[in-house]
Amino acid sequence: MLITEFRSNYKKYGTIDTKSDFILCPKSAHETSDECELWVTDPPYADSVNYEEITEFFISWLRKDPPAPFDKWTWDSRRVLAIKGDGEDFRRGMVDAYSAMTHHMPDNGLQCVMFTHQDTGVWADMVSIFWAAGLQVVSAWYIATETTSELKQGGYVQGTVTLLLRKRLDTAATFKQRLLPQIRKEVTAQIEAMMNLNDAAQTHGETVFNDSDLQMAGYAAALKVLTRYTEVDGRDVTTLALQPRQKGQKTVVDDIVEYSSEVANNLLIPDRLKALNPDTWSQITGVERFYLRMAAIEKTGAAKLDNYQNFAKAFHIDYQPLMASLKPNQAKLKSAKQFKPRELTSGDLASTLLSELLMAIQELLNDKDPKVVLGQIRTSLDDTYFQKRQHLIAMAHYLAEMWARARPEEAQKAEIIGDRIRNEGMGG
Ligand SMILES: C[S@@+](CC[C@H](N)C(=O)[O-])C[C@H]1O[C@@H](n2cnc3c(N)ncnc32)[C@H](O)[C@@H]1O
């Protein structure tokens, strides 16, 4: 059995045992001519890392006096051959590479691909790439690779998706409408399996996967369903896959990958406060879920703008009006006191329970009598007040917990509102 792998840097390999079946590939993957039963690849993750630049760093260092057999090597990063970027070049380069490997493997051959990226668009591209290369994802595992605590703090993805693929030998047609329930089933199964792992790990006081991991696992599950088919809504997937992307235009694949992320997010109720019961989560709007979700992520110290962008996409909201800072690694939600009154009564937040809460916290911070503030909430919600008060209590206590350390003053006001609503009628 021959194994070929994308090459990254030399020092990791030490000496190469030339008698083994292990062959390192000094040429671009799309030029491959070796027949393999198993291809193991760890391709460039779209625009995440400029590997060719890193490779040139090592080359400048190692080429001075390379030991055998590296002294026979061409010391060049082959920058021109590198698959890079996140647009058409990336898609085209990856399709050529994976098609070449698919054409050089037997029908019962396997491909193992490691991939990680938080952007739904890139995962939609991976569907197209495998579709165009004639491959089908048969298994997907999410492997936690980052164990160090620093990375856990940053809200960064902790792991990599490992996909197993086979040649797509049969034709299969379907419709987007028929795909959605399959996606829901596959994403739910994948995320619940990982949440069970989290629960098991919780007994040791920490979780394995964070929300970004679970979300990404959802994308991989969608790939398993989508790559089963050769035709969607009467359109051949390979043609679909090779169609250049039109700026701003969404493809059926984008829709479906975003749908899988929505399914994932609806499953990811912040588990840090069981008080925010699934019923409350199902009753509130996308903008409220986004704010509460990001408040939970901010509590871990995470400040990556990517996270806000990805969850905003998943909840289909414009997140910028909610932000106090949009700096790439210092992103932050507005707290109750940072919202201007008109921002709470217009736009997505208008007439939401969250805006009632944030307004009430602002008023308590301005020393308004809690009785008056509660009266205003009752008047504003009118005859829906009694049906919604349990959700107000849950959200108020939730924000109180999320802000306890970073915004104690506002947390205390949120606690007061939650307690007062809960205790009203008991002379509270
Ligand atoms: C994610 S990295 C692999 C990291 C490696 N597995 C490791 O653990 O160090 C992707 C690699 O693909 C290489 N690459 C980019 N375009 C390529 C191409 N057309 N053919 C072969 N390798 C390519 C990059 O140079 C980079 O080293």
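Contact means heavy atoms within 4.5 Å. Helices (H or I, at least four residues) and strands (E, at least two) are DSSP runs, numbered from the N terminus.

This is a predicted model, where local features need pLDDT of at least 70, side-chain atom pairs count only at pLDDT 80 or more, and totals for chains, interfaces and linings use all residues. Residues are numbered from 1 along each chain as its sequence is written, and side-chain values use heavy atoms, with hydrogens and water left out.

## The buried face of H16

Which residues of H16 are buried? They are Glu410, Ala411, Lys413, Ala414, Ile417, Gly418 and Ile421. Looking down the axis of H16, the buried residues fall within an arc of 165°, so they line one face of the helix. That arc is taken from the directions from the helix axis to the C-beta atoms. An α-helix has 3.6 residues a turn, so residues three or four places apart point the same way.

The length of H16 fits too: its 16 residues (408–423) should span 22 Å at 1.5 Å a residue, and its end C-alpha atoms are 22 Å apart, which agrees. The expected span is 1.5 Å times one less than the number of residues.

## Its partner H15

H15 is mostly covered, with 14 of its 19 residues buried. From its first C-alpha to its last, H15 reaches 25 Å, close to the 27 Å expected at 1.5 Å a residue.

## A buried loop residue

Is Thr227 buried or exposed? Thr227 is buried, with a relative accessible area of 0%. Thr227 sits in the loop between helix H6 (211–226) and strand E8 (231–232). Leaving aside residues up to four places away in sequence, Thr227 touches Phe130, Trp131, Leu135, Gln136, Val137 and Arg168.

## The chain as a whole

The protein chain has 16 helices and 11 strands, and buried residues make up 50% of its 428 residues. Among contacts with a separation of 6 or more, 73% come from residues 24 or more positions apart.

The accessible surface comes to about 20600 Å², of which 53% belongs to carbon and sulfur atoms. Accessible areas come from the Shrake-Rupley method with a 1.4 Å probe; for residues, only the protein chains shown count as cover.

Definitions and conventions:
Buried means under 20% relative accessible area, exposed over 50%, partly exposed in between (1.4 Å probe, protein chains only).
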